[in-house]
Amino acid sequence: MADGLNIPGVSDRYKTNDLVKSLMEVERIPLKREEEKVETFKNQQDAWRGINQKMATLRDSCKSLYSFENPFNNKLTSSSDEAAVTVEAGREAEYGSFKLDVIQPAATDRFLSDEINADQTVPQGKYTYKVGDKTIDFNWRGGKLTDFVTGLNRRGGETVKAGLIGVSAGKKALMIESLKTGAKNRLIFENQAFDFAKSCGMISDSSTDVKEVRYTKDRLYNPENLEEFNTDGLPSITKDGIGIKNGKIIVPPRSGFEMDIPESANRQKGKMEFFITETAVDDLAEKLAQDMVSNSAGSADVEGISDADDTVQSGFIEFPSPGGISFEGISILNNASETSLPPQDSFEEDITAKTKSAQPGEEPEVAEAADVPEEPETPDLPQPLKNAVSSLFYIRDVDGNETQVPAESFSVDTEGNIRASILFSDFPDAQRILVRNTNTGTQIEMSMPSIYSDAQDLGYKPKHAVSEAQDAVIKYEGITMNRASNDIDDVVSHVTLHVHDKTDRTATLKVEPDKESAKDAIITFVGKYNQTLAEINILSQNKPEIISELDYLTSDEEEKARERLGMFQGDNTLTSGRSSLQQTISTMYRAKPDATITLLAQIGVSTNAGGGGRGYSPSQMRGYLEVDEKKLDKAIENDLEQIKNLFGYDSDGDLIIDNGIAFRLDKQLTGWVQTGGVISSRTNSLEGQIKASNQKIARLQTQLDRKEAELKQKYAAMEGTLGNLESQQNSLQNFANQGQKR
């Protein structure tokens, strides 16, 4: 063939491929229309998801304005001496300020050893370390010092910690410390731990330092603050009847005294002990009653039927007979005194001591006492007796405050004597001990006090103490108190004090409202509301100026917004939703009958917050809110509680928020964004339409593929026929040309 080989359907000699393509373009019009519908549905889905995101963000902002964690309950705290004490306030803490002195922070036992060789080995044995009620107990097989430290730390947890400190070349110091603060959490060594601590120079032997304080009558003061103790008809409490005999202070009924606590007393770990004997004597009240009866006998026939010498045995204290009177043949007997005290034989004082005169103005003489042997455990005093004895003894601090000695400070020794054991750690500012015998028929004999330098003697003491276990001691509003921890949460309700160091001067701690976070939350809410409203306006209206008014949009955001412009124009769903939001914002909310703030506009938030005579702009007509910061600041400063109620309050007294701007908006928006809500229904409907259109597209694509195959087949056959005809034509032409040559 002159023009080469022609293969129908492969070589496009007759342009049949273009013809098929043109015919298929017409056939694909329904398919393209359906694909465009799917794209539209997807864009609408994206638009609904966008408005869902805006509404969900606005709803979260609403929730934050009325929930338990609303910013109006946030507290700001401050301390005038943050290096010594800081404060942390809970959401329920009350606003205010208070004074605080840190006398000392709580500390732990931290002991260093002597310098020891770095390669020293630790002998095997059972090592026991105690801190408070925690015990670290492990068997050590012996080995290097570094391995021992690692093993102790692995077992020590939050109780004990060990470490090595490089002192010089080849020399180290071992430090073992308790990890719990407080005087009761002392680090105690037992078993091989004790032997090793002693051998490495961490501890050394010690004995309790006991001193007896000797007083003379000149060193006793008249009792003060007697208003609540003096009773009409009874003698006033004074020290006039006080005597000192055989080393004991004799305190008759209705008498008392005060005496100084020596400055040398260890007010962190020491204690004061003395013994008490109570003896029944003639009852002053009974004598006064008899005198009254005798004085009235001349004017009436009154006969007393009591016997002043008769007594009623109740507990171990002898109570006088209750007595009675008779008048004109009628006798009236008094009821006997009631007590739940158990019987006791007597409480004889068995402490002998010598007194030495002290000149007025001098501190009482403190004499060394012999070692006190360990006493066996004895039965405790009944609680009623503890309470009765406790009511007679008080401690006065340096500020003049009086505190009753706790009932738990009194017990019975092996010989039946009442023993008082007063821990100075309970009274770190103790200055005097006060004794007021308010009884009318009981005499008290009190031994001279003994001062112990350490309330808990372990038989050893640290040689190189970095710090020793002690309670935190603070003075709150003039009241001294101690705590085992530096984090104290039981002094001021819902406030935690964090003690760091001693205060040089009284610190002022404040709890104030976090006004800045409240303002930020309101401004954030306004911003989220405006963004939601802007998205609704873009989707529901086809006005380009809506986008140009939003000056916070970036170029890309503005371009995408134009693509969504008017997408749901005429859709009443968004239009009604916008109207509902605007109505909720502008409604009046009165949390209380006397509320003065009931509208957002009253706190500087409105569609025309700037005010003035400029009128309304088109953007304001679309419902966007503005903030007058000066007005808002003033409202937050003066009416924070009312602003809180404006956004959410309890209207029916069931302690559950059920009204307010934020609550109403939250409820309204939930209907849009929740599963099964308005937006979910719309996106699900669109998803169904997309699915149906995709199925139709698949069918149309199948039909088009079949149609295209048919057209190609037909035009290929046509090309073959045309090729055959052309071939025949060429053959005939060639035959004719050959005949002419002949």
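Student: Which residues are linked in a network of salt bridges?

Tutor: This is a predicted model, so the atom pairs come from computed coordinates. A salt bridge pairs a side-chain nitrogen of Lys or Arg with a carboxyl oxygen of Asp or Glu. Here Arg219, Glu224, Glu258, Asp260, Arg396, Glu402, Arg432 and Arg436 are linked in such a network.

Student: How many salt bridges does the structure hold?

Tutor: The count is 31. Let us take some single pairs. Lysine 248 bridges to glutamate 445, with 3.3 Å between the closest N and O atoms.

Student: Where do lysine 248 and glutamate 445 lie?

Tutor: In distant parts of the chain. Lysine 248 is in strand S16 (residues 248-251), and glutamate 445 is in strand S30 (residues 442-447). They are 197 residues apart.

Student: Is lysine 248 buried or exposed?

Tutor: The test is relative accessible area, and buried means under 20%. Lysine 248 has 13%, so it is buried. Glutamate 445 has 16%, so it is buried too.

Student: What joins lysine 271 and glutamate 273?

Tutor: Another salt bridge, at 3.1 Å from N to O. Lysine 271 is buried at 14% relative accessible area. Glutamate 273 is buried as well, at 9%.

Student: Which residue forms a salt bridge with aspartate 399?

Tutor: Lysine 475, with the closest N and O atoms 2.8 Å apart. Aspartate 399 sits in the loop between strand S25 (393-397) and strand S26 (402-404), while lysine 475 sits in strand S34 (residues 472-476), so the bridge ties together parts 76 residues apart in sequence.

Student: Is aspartate 399 buried or partly exposed?

Tutor: Partly exposed, at 43% relative accessibility.

Student: On to rings. How many aromatic pairs are there?

Tutor: A search of the whole structure finds 19. Read each pair by the distance between ring centres and the angle between planes. Tyrosine 127 and phenylalanine 138 lie 6.0 Å apart, centre to centre, with 25° between the planes. Planes under 30 degrees apart count as stacked, so this pair is stacked.

Student: Where do tyrosine 127 and phenylalanine 138 lie?

Tutor: Tyrosine 127 is in strand S7 (residues 125-131) and phenylalanine 138 is in strand S8 (residues 134-140), so the pair ties together parts 11 residues apart in sequence. Both residues are buried.

Student: What kind of aromatic pair do tyrosine 129 and phenylalanine 189 form?

Tutor: An edge-to-face pair. The centres are 5.7 Å apart, and the planes make an angle of 70°. Tyrosine 129 belongs to strand S7 and phenylalanine 189 to strand S12 (residues 187-191), so this pair ties together parts 60 residues apart in sequence. Tyrosine 129 is buried, at 0% relative accessibility. Phenylalanine 189 is buried at 3%.

Student: Which residues form one aromatic cluster?

Tutor: Phe111, Tyr129, Phe189, Phe194 and Tyr460.

Student: Now the nonpolar core. Which residues have the most contacts inside it?

Tutor: First the general idea. In soluble globular proteins, nonpolar side chains tend to be buried together. In this model, the largest nonpolar core has 64 residues. Those with the most contacts inside it are Phe525, Leu600, Ile603, Ile643, Phe647 and Ile661. Elements that give two or more residues to this core include helix H2 (29-66), helix H7 (515-540), helix H12 (629-647) and helix H14 (678-741). Apart from it lies another core, of 32 residues, among them Ile242, Ile418, Ala430 and Val435.

Student: What is isoleucine 643 in contact with?

Tutor: Leave aside its neighbours within four places in sequence. The contacts are then Phe72, Ile522, Ile597, Ile603, Ala635 and Ile636.

Student: Which residues make a nonpolar surface patch?

Tutor: Met718, Leu722 and Leu725, with an area of about 240 Å². Leucine 722 has its place in helix H14. At 33% relative accessibility, leucine 722 is partly exposed.

Student: One last residue. Where is isoleucine 244 found?

Tutor: In strand S15 (residues 243-245). Isoleucine 244 is partly exposed, at 29% relative accessibility. Isoleucine 244 and lysine 217 are 27 residues apart in sequence, yet 6.9 Å apart in space, C-alpha to C-alpha.

Notes. Residues numbered from 1 in each chain as written. Predicted model: local features only at pLDDT ≥ 70, side-chain atom pairs only at ≥ 80, totals over all residues. Heavy atoms only, no water. Core = buried A, V, L, I, M, F, W, Y, C linked by side-chain atoms within 4.5 Å. Buried < 20%, exposed > 50% of the residue type's maximum accessible area, 1.4 Å probe, protein only. Helix = DSSP H or I, 4+ residues; strand = E, 2+ residues; numbered from the N terminus. Contact = heavy atoms within 4.5 Å. Patch = residues over 30% accessible without salt bridge, like charges linked within 9 Å, V, L, I, M, F, W, Y side chains within 5 Å. Areas by Shrake-Rupley, 256 points an atom, 1.4 Å probe, with all protein chains shown as cover. Salt bridge = Lys/Arg side-chain N within 4 Å of Asp/Glu carboxyl O. Phe/Tyr/Trp six-rings, centres within 6.5 Å; stacked < 30°, edge-to-face > 60°.
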